[in-house]
Each structure stands twice: as structure tokens, then as C-alpha cells.
Amino acid sequence: MRDMGEEYTLSAGLERVAARVRRGGFSNLPLRAGVSFKRWAYGVGGGPDDVKGHPIDEKTVSVGTGFPFGQSLGFLDLAVSYSIIGELEKNGLETTVWRLTLSVTGLEKWW
């Protein structure tokens, strides 16, 4: 039986907010970029004497934007991310994942 370890995620990102003054093309759209590192709670790989195995690390890079609805009613957000999960040398397995995320936010009011 393998022991569970601590799981944690470290993330950082930048965002250029949407322009308040209309300009042509994509210069009005918000731009977002981020990176993330996650250590999973369990390990895989290692020899018979290695009780925990090696921890699985997930490294992610993402970029995205949003398309505004009229009259500031919300956004249709689009993001693409690329992740590498595990390491072939340490865990015996390595996976790459592409994610396309589409989300809708609307009618947000902040007081």
C-alpha cells in the first residue's frame, strides 16, 4: 500500500483588462496568461523498497481572452492550456494534456 503525501498547487498569472475606449481589432479584448505547478498527493514509480514512490508533478501553461457581451453584460471566455503530468524517468509515465476551456460569465454586479 502506498502512503499519501501533501498535495499543493502554486499558480501565478497576468491579465490585461479590456479597453474602456473602443479601438480596432483585438486590442479591446482582455488577455490572460498563467503558469501553475501542482504536486499530487500520491506517488507512482520507484522500486520495491520505495514505499511512497515518486511524487507526481503537473506543470501547466495557459493563455486566454474574453469576448464581451453588449452593454457590459458579461463575457464569453476562451482559454487554452498545456500540461505535462509526471516524469517518465521518475514515475514511469508521462502525459501531456491540451485543454480548451469555454466559459460564460454574465450579469455580474459588484457592490
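Visitor: How many bridges join β1 to strand β2 (residues 31–44)?

Guide: Nine bridges link β1 with β2, and the two strands run antiparallel. Strands here are DSSP runs (E, at least two residues), numbered from the N terminus, and two of them pair if DSSP finds at least two bridges between them. Residues are numbered from 1 along each chain as its sequence is written. This is a predicted model, in which local features need pLDDT of at least 70, side-chain atom pairs count only at pLDDT 80 or more, and totals for chains, interfaces and linings use all residues, while side-chain values use heavy atoms, leaving out hydrogens and water.

Visitor: Which residue in β2 is the bridge partner of threonine 9?

Guide: Threonine 9 is partnered by lysine 38 of β2. Also in this pairing, arginine 16 stands opposite leucine 31 in β2. On to the next pair: β2 and β3 (residues 54–68) are antiparallel too, with 11 bridges, and glycine 43 has proline 55 in β3 as its bridge partner.

Visitor: What is the order of the strands in the open sheet?

Guide: The order is β1-β2-β3-β4-β5, five strands with antiparallel pairing. Because β1 (8–16) and β5 (95–106) stand at the edges with a single partner strand each, one side of each is left without a neighbour in the sheet. On average, neighbouring strands are turned by 15° against each other, direction ignored; the axes are lines fitted to C-alpha atoms, and angles run from 0 to 180 degrees between N-to-C directions.

Visitor: Which side chain makes a polar contact with the side chain of threonine 60?

Guide: A polar contact is a pair of N or O atoms within 3.5 Å; within protein, one must be able to donate a hydrogen and the other to accept it, and residues adjacent in sequence count only if both atoms are side-chain atoms. For threonine 60 the partner is the side chain of serine 83, at 2.7 Å.

Visitor: Which residues does threonine 65 touch, not counting residues up to four places away in sequence?

Guide: Contact means heavy atoms within 4.5 Å. With that sequence exclusion, threonine 65 touches Leu29, Pro30, Leu31, Arg32, Leu76, Asp77 and Leu78. Threonine 65 also lies in β3 and is buried, with a relative accessible area of 14%.

Conventions:
Helix = DSSP H or I, 4+ residues; strand = E, 2+ residues; numbered from the N terminus. Buried < 20%, exposed > 50% of the residue type's maximum accessible area, 1.4 Å probe, protein only.
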